[in-house]
Amino acid sequence: MADEPLVLGIETSCDETGVGVVRGHTLLADAVASSVDDHARFGGVVPEIASRAHLEAMVPTIERALAHAGVAATDLDAIAVTAGPGLAGALLVGVSAAKAYAYALGKPLYGVNHLASHICVDQLEHGPLPEPTMALLVSGGHSSLLLAPDITSDIRPLGATIDDAAGEAFDKVARVLGLGFPGGPAIDRLAREGDAGAIRFPRGLTGPRDAPYDFSFSGLKTAVARWVETRRNAGDDVPVADVAASFQEAVTDVLTRKAIRACRDEGVDHLMIGGGVAANSRLRAMAEERCAAAGLTLRVPRPGLCTDNGAMVAALGAEMVTRGRAPSALDLPADSSLPVTRTHVAAAH
Amino acid sequence: MLLLALDTATPAVTVALYEAGRDGGAALAASDEIDARRHGELLLPAVDRVLSDAGRGLGEVTGLVVGTGPGPYTGLRVGLVTAEALGAARSIPVHGVGTLDALAYATGLDEPFVVATDARRKEVYWARYADARTRVAGPAVDRPAEIAGEVAGLPAAGAGARLYPEAFTGVREDLPAHVSAVALGALAAERLSAGEPLPGARPQYLRRPDARVPTGYKAVTRT
Ligand SMILES: [Zn+2]
């Protein structure tokens, strides 16, 4: 439809410089420049390295996205950008670029929430999100269960991790096993050759008195390290594939169990899974199985749209335009701890 | 030539619209705010204000001029990415000018002097000049005590020199403490009119990013 809004989205909350172009629910371009290789030897994202890379890549990535979408900047209806949460210095590069484009083109600016964008991106793949949607967001920076009655204005956090994010646990276990950074893809690959039932690792916060929707992965990570070290100290071989598979099984078991329980408790029949860890093949398979058994419809975007990208920001920006939400002002701040309840940062009146 | 100049490499968030013709140039409007924590929030509203104060539109601007530092990185990047994005969105060329060079130009001095800005962590960004237009050393980042021998007694401008008067013994309160985009625009206009090419908008960080390679694997169990 020609009257659907054409929106450019900019994402720089962590180590990916992402720029997407969408028309309504249709993805036209998704350009990403990643600095992940520059961080590998440090075993984690170094904020200053990420910010420098964003500055280098920002404008070229915008130009590439526009060229790939085959649209002129002047055709855009709005510019959307991740206003938070994320790394402060990294966010600021994207926010500044978005303001400059919006101002130079005379288009409205939408500073949107990174987590809400992770949910909204699925509209590009599977069409309009049902309302409400239950969303499980899992990545290196966040692990949350969110109830979303309206993706543009009403997101309610049900639970979150009380210590490590799920993706962080993958990175740390990968280090214990001597795999590289980032740990997620390495463990996913190795786990395919292992026995997921070989070792029974603990499932954090799953007792009857524990918070039903909160997560904890710190104990699991320590348990894996202890198990591996005990073996090593005894001079035994470590069955790395079995450890990887058993660890991954524990994480995905807890994530899917809690997400399905939240759907049941809230009477929601759709579960959406997003964030970098949603690219994990075991999580996708287990969620499919369990959702089917529970009579729930599962929505997971393809892996490329689960990790941080600009298309997800553009998708949420387009939804903001469609629903007539108020744009942001030119003094829009980058807010590293923007709460998920603030789906976007509208101008003060 | 109508230049929109801006600099956020230091606590100053400074924007100016500078017009230059055959017989010299002048600032049509300018905005100077000192706030080390809100570069990102202040810059675009200041650009908008300067253009509307001057009664000009971005479409009339023939060149963007941006301070390339050195300066604390987070603020420095705000100006650079803003200038680059404005330039790309409206196909306006973007020129870089060293922030210390603009500060030096604003002194109008015709004798040797130094310029220093605060680099935090008890260091300064500094450069030495033969006159307001001619840099002879730097820019560099150092502890004031380490360069005292090179800068003592010379007239000194900039907030960095004022912070460390024991090293910058010739510091002068009548010289500017902060960079102004008017000077940035005037210096760029002078160079461009003379046919001198200006560098692109590349950041001068002068320091490597803070990042440590993790020291091996730390066991969780005690053995
Ligand atoms: Zn994310």
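## Annotated site in chain A

His118(A) has a relative accessibility of 1% and therefore counts as buried. The model discussed here is a predicted one. His118(A) belongs to helix H4, residues 114–120 of chain A. Apart from neighbours within four places in sequence, the residues in contact with His118(A) are Leu137(A), His142(A), Met272(A), Gly275(A), Cys306(A), Thr307(A), Asp308(A) and Met312(A).

An unreviewed UniProt entry assigns the feature "binding site" to His114(A), His118(A) and Asp308(A). These residues are spread over 195 residues of sequence, yet they cluster in space, with a largest C-alpha distance of 8.8 Å. Of these residues, His114(A) and Asp308(A) are included in the lining of the largest pocket.

Asp308(A) sits in the loop that joins helix H11 (303–306) to helix H12 (310–322) of chain A. Asp308(A) counts as buried because its relative accessibility is 16%, the cut-off for this class being under 20%. The side chains of Asp308(A) and His114(A) make a polar contact at 3.2 Å. When neighbours within four places in sequence are set aside, Asp308(A) is in contact with Glu11(A), Ser13(A), Cys14(A), Glu16(A), His114(A) and His118(A).

## Domain annotation

The feature "domain: Gcp-like" is listed by UniProt, in an unreviewed entry, for residues 27–314 of chain A. Over this range the chain is 50% helix and 17% strand, and its end C-alpha atoms lie 9 Å apart. For chain B, UniProt places the feature "domain: Gcp-like", again from an unreviewed entry, at residues 33–149. That range of chain B is 42% helix and 29% strand, with 33 Å between the end C-alpha atoms.

## Charged side chains

Over all chains, the count of salt bridges comes to 30.

| Salt bridge | N to O distance |
|---|---|
| Asp164(A) and Lys172(A) | 3.5 Å |
| Arg261(A) and Asp265(A) | 3.3 Å |
| Asp174(B) and Arg172(B) | 2.9 Å |

In the pair formed by Asp164(A) and Lys172(A), Asp164(A) is buried, with a relative accessible area of 8%, whereas Lys172(A) is partly exposed at 31%.

Arg261(A) and Asp265(A) are four residues apart in helix H9 (residues 240–266) of chain A, so about one helical turn separates them. Arg261(A) is partly exposed, with a relative accessible area of 43%. Asp265(A) is also partly exposed, with a relative accessible area of 43%.

In chain B, Asp174(B) counts as exposed because its relative accessibility is 56%. Its partner Arg172(B) counts as partly exposed at 28% relative accessibility.

A network of salt bridges links Glu131(A), Asp150(A), Glu319(A), Arg323(A) and Arg325(A).

Which side chain of opposite charge is nearest to Glu4(A), and how many Å away is it? The nearest is Arg23(A), 6.6 Å away. A salt bridge requires a side-chain nitrogen of Lys or Arg within 4 Å of a carboxyl oxygen of Asp or Glu. Glu4(A) is buried yet has no salt bridge.

Glu4(A) lies in the segment that precedes strand E1 (6–11) of chain A. Not counting residues up to four places away in sequence, Glu4(A) touches Arg23(A), Gly24(A), His25(A) and Asp77(A).

Conventions: Residues numbered from 1 in each chain as written. Chains lettered and ligands numbered in written order. Predicted model: local features only at pLDDT ≥ 70, side-chain atom pairs only at ≥ 80, totals over all residues. Heavy atoms only, no water. Helix = DSSP H or I, 4+ residues; strand = E, 2+ residues; numbered from the N terminus. Buried < 20%, exposed > 50% of the residue type's maximum accessible area, 1.4 Å probe, protein only. Lys, Arg positive; Asp, Glu negative; His and termini not counted. Contact = heavy atoms within 4.5 Å. UniProt positions renumbered as here; feature names shortened; annotations may be inferred. 1 Å grid on protein atoms, 1.4 Å probe; cavity = no way out; pocket = protein on both sides within 12 Å on 5 of 7 lines; lining within 4 Å. Polar contact = N/O pair within 3.5 Å; in protein donor to acceptor, adjacent residues only side chain to side chain.
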